[in-house]
There are 2 protein chains.
Amino acid sequence: MKISLGVNNCLTPTPTILCGANVNGKPNYNTIAWIGIMDRALISLTMERTHFTNQGIKENGTFSVNIPTSEMIVETDYCGYVSGEKVDKGALFESFYGTLETAPMIRQCPVNMECELVRTLDDLSRHEVFVGKIRETFCDEEYLTNGKVDFARLQPILYITDGSYWRLGERLGKLGDFWKQLKKES
Amino acid sequence: MKISLGVNNCLTPTPTILCGANVNGKPNYNTIAWIGIMDRALISLTMERTHFTNQGIKENGTFSVNIPTSEMIVETDYCGYVSGEKVDKGALFESFYGTLETAPMIRQCPVNMECELVRTLDDLSRHEVFVGKIRETFCDEEYLTNGKVDFARLQPILYITDGSYWRLGERLGKLGDFWKQLKKES
């Protein structure tokens, strides 16, 4: 039987990421999981309007996405709990910069993407939705298998909207591996 | 060492879902994984402009999100490969409707959300990005634990942008479980 749950966002899990931006010229990192893929190069990040990071994103028109491993769960949880206004979160990590020059990235995160802000959606929600174009992706050599990011090795921290963190499970197969079974049956 | 991968969207995995819409008065379902969470009630779905489903979303201003289990991988893969223009994908499932009346949902999927279209972003990408407000969420009774959707039981099909399907792994803990460890250390 179908039970009605009211409004309950089940479009989940999503990866938990550390969003980086320079605020007043200094790197700051904020943990978020309200994210989206819009196309191959386009992503969205949602943040509370009051977040310190938002200032930096608007100031520079750039930000970064840093993907922590499950082993970085303490720092990841921490960067979601404390504000950059009170704590220097940049000091937790070693930062580096790419071609955009103003989007700080975390060296300790195996995967980093530097992004250019292309749109801010501020009339849809109480929150701000930043749409960014990925300009460059970086990956630590040891997390690549045949030149591709190895997500089984990466072990990103998945987030479910009920407020829980999860691991990635096993690989089921690839796109197009399964549909022909149905064609044969019908 | 950080290796540059060009533009490589690693904001992944995301859940693979079946998007439902009535096209010419008949239910049609399309598989997508380029999705986003914008806030507690707001989501985004990206679809190729040429997709049959897009017509129905625009016609009715409504759509649904249906979350298949890993056991439904054949049907899920299939609905991403064949077009509703050529095949009656509605015939694969039993459809039901909620309060919006025009957003068909799949009874076989344990979780369903009916959504109202609130924005179409069509100038950002070669694709269309539909932003929807969740109006109601439904869940099969047997997938609820203490009144909440049990994602370990649901076993959604996760999608990684390299074109692969994955399972959800184990639960690591909940938001706020970890950050105090860092506070103690510092």
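**Exercise 1.** Which residues of helix α1 (residues 52-60) of chain B are buried?

*Conventions.* The model is a predicted one, in which local features require pLDDT of at least 70 and side-chain atom pairs count only at pLDDT 80 or more, whereas totals for chains, interfaces and linings use all residues. Residues are numbered from 1 along each chain as its sequence is written, and chains are lettered from A and ligands numbered from 1 in the order in which they are written.

*Solution.* Step 1: apply the criterion, by which a residue is buried if 20 or more other C-beta atoms lie within 10 Å of its own, exposed if 12 or fewer, and partly exposed in between, with C-beta atoms placed from the backbone. Helices (H or I, at least four residues) and strands (E, at least two) are DSSP runs, numbered from the N terminus. Step 2: the residues of α1(B) that qualify as buried are T53(B), N54(B), G56(B) and I57(B). Step 3: viewed down the axis of α1(B), these buried residues fall within an arc of 165°, so they line one face of the helix; the arc is that of the directions from the helix axis to the C-beta atoms. Step 4: the buried residues of α1(B) pack against several strands of chain B, including β3 (17-23), β4 (26-32) and β6 (42-48). Step 5: G61(B), which follows α1(B), has a positive phi, near 70°.

**Exercise 2.** Describe the burial and the pairing of strand β3(A).

*Solution.* Step 1: seven of the seven residues of β3(A) are buried, so the strand is largely enclosed by the rest of the structure. Step 3: identify the partners, where two strands pair if DSSP finds at least two bridges between them. β3(A) is joined to β4(A) by seven bridges in the antiparallel sense, with I17(A) bridged to I32(A). β3(A) also runs antiparallel to β7(A), through three bridges, and C19(A) has V65(A) as its bridge partner there. Step 4: examine the turn; two residues separate β3(A) from β4(A) in a hairpin, and N24(A) in that turn has a positive phi of about 50°.

**Exercise 3.** In what order do the six strands of the open sheet that includes β15(A) and β15(B) lie?

*Solution.* Step 1: the order is β2(A)-β14(A)-β15(A)-β15(B)-β14(B)-β2(B), with antiparallel pairing. Step 2: β2 (14-15) of chain A and β2 (14-15) of chain B are the edge strands, each pairing on one side only. Step 3: two bridges link β2(A) to β14(A) (residues 158-160), and P15(A) stands opposite L158(A).

**Exercise 4.** Characterise the interface between the chains and the relation of the copies.

*Solution.* Step 1: count the contacts, two residues being in contact if their C-beta atoms, placed from the backbone, lie within 7 Å; 79 residues of chain A touch 79 residues of chain B. Step 2: strand β15 (residues 164-174) of chain A supplies the largest share of the side of chain A that touches chain B, eleven residues. Step 3: a further link is the antiparallel pairing of β11 (residues 127-140) of chain A with β1 (residues 2-4) of chain B, over three bridges, in which F138(A) is the partner of S4(B). Step 4: superpose the copies by least squares on the C-alpha atoms of residues with pLDDT of at least 70 in both. A rotation of 180° with 0.0 Å of shift along its axis places chain A on chain B (RMSD 0.0 Å). That is the relation of a two-fold axis.
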